[in-house]
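Let's work through some helix packing together. Have a look at the structure below, then try each exercise before reading its solution.

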Amino acid sequence: MNFDFYGFIILFIVGIYFILPAYLSNAGGLLFGGGTPVDFGYKTKNSNDLIGKGCTWRGLIAGTLIGGIIGLIQGIITPSIIQYFGGALPLINYGGAINGMFIGLLLGLGALIGDAVGSFLKRRMNIKQGKPAPILDQLDFIIGALILSSIMIKLDLNIIIAILIISLILHLSTNIIAYLIGIKDVWY
């Protein structure tokens, strides 16, 4: 069995490029969030948050719009990138700016819904906000983004696997770096 290093690198580049609206939406939802929680502060019978204060309407809207803007930009520039590399970089062609915008909106909204579902599941497992839930914390938003974007784009299984691996590595490494430089209080 031969290992194709070039193919491996291309797969990861294509995966990162495709999922970029979800990454930036997730960060944007946090950055521009605050205000009214998506669950409106509702508590369960045992006084747990339904989702939590971290998922807010303002973050959901801002993050989704960020995804749409990134997708719009990708829809505009992707044909030029493909042409520049002569097809050697098999990026997913979004079919123009409008399709790119809708794909970005789906990736962004899916990422934020996935994150909210992850928070919901953590609350059901009695894991408080800010406490770790390995794997769930790193992949909830990616799974939501991939599911919702599948309305418009059918991805190869290898790209999906690459996106999941990239996301695990990037999420953990950026959190560790943020912890080491004092931006975060915990490494996870």
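**Exercise 1.** How are α1 and α5 oriented to each other: roughly parallel, roughly antiparallel, roughly perpendicular or oblique?

*Solution.* A word on the model: it is predicted, so local features need pLDDT of at least 70 and side-chain atom pairs pLDDT 80 or more, while totals for chains, interfaces and linings use all residues. Residues are numbered from 1 along each chain as its sequence is written, and side-chain values use heavy atoms, without hydrogens and water.

Step 1: find helix α1 at residues 5–31 and helix α5 at residues 157–180 (helices are DSSP runs of H or I, at least four residues, numbered from the N terminus).

Step 2: read the angle, roughly 70 degrees, where the axes come within 9 Å (axes are lines fitted to C-alpha atoms over the stretch in contact; angles run from 0 to 180 degrees between N-to-C directions).

Step 3: apply the cut-offs: under 35 degrees is roughly parallel, over 145 roughly antiparallel, 65 to 115 roughly perpendicular and the rest oblique. Therefore α1 and α5 are roughly perpendicular.

**Exercise 2.** Which residues of α1 meet α4?

*Solution.* Step 1: locate helix α4 at residues 136–149, whose axis lies 10 Å from that of α1 at an angle of about 130 degrees. The pair is therefore oblique.

Step 2: list the contacts (heavy atoms within 4.5 Å). From α1, F18, I19, A22, Y23 and N26 meet α4, where the partners are F141, I142, A145, L146 and S149.

Methods. Helix = DSSP H or I, 4+ residues; strand = E, 2+ residues; numbered from the N terminus.
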